Amino acid sequence: MKFDGKIAVVTGASRGIGRAIAIELAKGGAQVVVNYHTNDEAADEVVQTINASGGQAVAFQADVGEFDQAEKLIKFAIQQFDDLHILVNNAGITRDGLIMTMREQDWDHVIQTNLKSAFNCSKIAVRHMMRHRYGRIINITSVSGQMGNAGQTNYSASKAGQIGFTKALAREVARRNITVNAIAAGFIETDIWASVPDAIQEHLDTMQELIPLNRVGQPEDIAKAVAFLASDDAAYITGHVLTVDGGLGMY
Ligand code: NAP
C-alpha cells in the first residue's frame with residue numbers, strides 16, 4: 001500500500017474532513033494520530049473505525065492553536081510511532097459575522113485556530129522531517145481565502161494566510177525533500193456549516209447554485225486529494241494550492 005511504514009498526524013480528525021483524511025491515509029497503510037479538541041467520543045469512533053478495518057490509529061487531544069499543546073501532539077506522534085512523515089493541518093473553525101458586528105475575540109479565535117495552529121504544528125514537525133530528509137505537509141485552506149466571502153473576514157484572512165504560509169514554508173524546506181502544499185476546499189458537507197447565522201446561510205445557499213459540478217462536496221473528495229499530495233506520486237509538487245471545489249472558484 002502506498003503509505004506503508006508512514007506515520008501521519010491529522011489535526012481536527014474527529015469529524016468532517018479531518019476524519020475522512022485520517023481514514024483515507026490509514027486505508028493506504030499509514031499509522032495515524034487522530035487529533036481532536038473536545039469531542040472524545042467522535043475521536044474514539046474514528047480510531048475504532050480505522051483499527052476495525054486493520055489499520056492503526058490513536059487519538060490525541062490537543063488545542064493546536066496553543067503552541068505548547070501542538071508541541072505535545074507532534075512529540076507524542078514521534079514517540080508513539082518512532083517517526084513522522086505526513087502532517088495535515090486541518091483543524092479549523094468559523095465564527096462568522098459581518099465586520100460591523102464581529103467581536104474581537106471571534107477574529108482572534110479563528111486566526112489562532114486556523115492559522116497559528118499550522119505554524120505551531122509545522123514548526124515542531126519540520127525539525128524532525130529536516131533531520132530525516134522526508135516530509136509531506138498539507139494545509140487545508142478554503143476558496144474563501146482565495147475569493148473572500150462576505151461574513152467571513154476572519155475566516156478568509158486565516159485561509160489566505162495559510163496559502164502564504166504554505167508557499168513560504170515550501171521554499172524553506174524543499175532542499176530537505178519536504179513538500180508543503182495546500183488544498184483549497186469549496187463547500188463540503190460537514191458540521192462546520194451548522195453554526196452559520198441565518199443571513200449568511202441564505203448567501204451560501206445562493207453560492208451553492210454556482211457550483212459548476214452542481215453538488216456540494218463530501219469530505220472524501222478532499223481526503224482523496226490529500227492522499228495524492230501525501231503520496232510519492234506527488235514528489236515533484238510543492239508550494240501548490242490544489243482547489244477542490246466542484247469548479248466554484250474557477251477563473
Ligand atoms: P468540522 O466538521 O467542524 O470539524 C472540525 C474539526 O476540527 C473537529 O475535529 C474539531 O475537533 C477540530 N478542531 C476545532 N478546533 C480545534 C482546535 N483548536 N484544536 C484541535 N482540533 C480542533 O469542520 P470541517 O468542515 O471538517 O473543516 C475542516 C477544515 O477544512 C477546516 O480547516 C476548515 O476551515 C476547512 N474547510 C472546510 C470547508 C467546508 O465546507 N466544510 C471548506 C473549506 C475549508 P472536535 O471534534 O474535538 O471539536
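# Chatting through a predicted model

Me: Let's start with Asp198. Is Asp198 buried or exposed?
Reply: Asp198 is exposed, because its relative accessible area is 64%, and the cut-off for exposed is over 50%. Keep in mind that this is a predicted model.

Me: Okay, and where is Asp198 in the fold?
Reply: Asp198 sits in helix α7, which covers residues 198-208.

Me: Let me zoom out. How many helices and strands are in the chain?
Reply: The chain has eight helices and seven strands.

Me: And what radius of gyration does the chain have?
Reply: The chain has 17 Å. A compact globule with 251 residues would come out near 18 Å, so the chain agrees with that. If you'd like a box around the C-alpha atoms, it would be roughly 50 × 40 × 35 Å along the principal axes.

Me: How much of the chain counts as buried?
Reply: Of the 251 residues, 53% count as buried.

Me: Switching to charges. How many salt bridges turn up in the whole structure?
Reply: A search finds eight. As background, side chains of opposite charge can pair when their charged atoms come close.

Me: Take Glu24. Which residue does the side chain of Glu24 meet in a salt bridge?
Reply: Lys27, with 3.4 Å from N to O. Glu24 and Lys27 are both in helix α1 (residues 16-27), and they are three residues apart, about one turn of the helix.

Me: Which of the two is buried and which is exposed?
Reply: Glu24 is the buried one, because its relative accessible area is 15%. Lys27 counts as exposed, because its relative accessibility is 51%.

Me: Where do Glu71 and Lys75 lie?
Reply: Both are in helix α3 (residues 67-81), four residues apart, again about one turn of the helix. Lys75 is partly exposed, with a relative accessible area of 39%.

Me: What about Asp106, which side chain does that one meet?
Reply: The side chain of Asp106 meets Arg103 in a salt bridge, 3.0 Å from N to O. Asp106 counts as buried, because its relative accessibility is 12%. Arg103 counts as partly exposed at 46%.

Me: New topic: backbone angles. What is phi of Asp82 near?
Reply: Phi of Asp82 is near 75°, a positive value, and this residue is not a glycine. Asp82 lies in the loop between α3 and β4 (86-89). With 64% relative accessibility, Asp82 counts as exposed.

Me: And what is phi of Asn214, roughly?
Reply: Asn214 has a positive phi of about 65°, although Asn214 isn't a glycine. You'll find Asn214 in the loop between α7 and α8 (219-230). Asn214 is exposed, with a relative accessible area of 64%.

Me: Now some distances. How many residues apart along the chain are Thr49 and Ile23?
Reply: They are 26 residues apart along the chain, and 7.9 Å separates their C-alpha atoms. Thr49 belongs to helix α2 (residues 40-52). Thr49 is partly exposed, with a relative accessible area of 30%.

Me: Last pair: what separates the C-alpha atoms of Asn139 and Pro197?
Reply: A distance of 26 Å, and the two are 58 residues apart along the chain.

Me: Which strand holds Asn139?
Reply: Strand β5, residues 135-142.

Me: And why does Asn139 count as buried?
Reply: Because its relative accessibility is 0%, and buried means under 20%.

Methods: Residues are numbered from 1 along each chain as its sequence is written. This is a predicted model: local features need pLDDT of at least 70, side-chain atom pairs count only at pLDDT 80 or more; totals for chains, interfaces and linings use all residues. Side-chain values use heavy atoms; hydrogens and water are left out. Helices (H or I, at least four residues) and strands (E, at least two) are DSSP runs, numbered from the N terminus. Buried means under 20% relative accessible area, exposed over 50%, partly exposed in between (1.4 Å probe, protein chains only). A salt bridge is a side-chain nitrogen of Lys or Arg within 4 Å of a carboxyl oxygen of Asp or Glu. The radius of gyration is taken over C-alpha atoms; the globule rule is 2.2 Å times the number of residues to the power 0.38.
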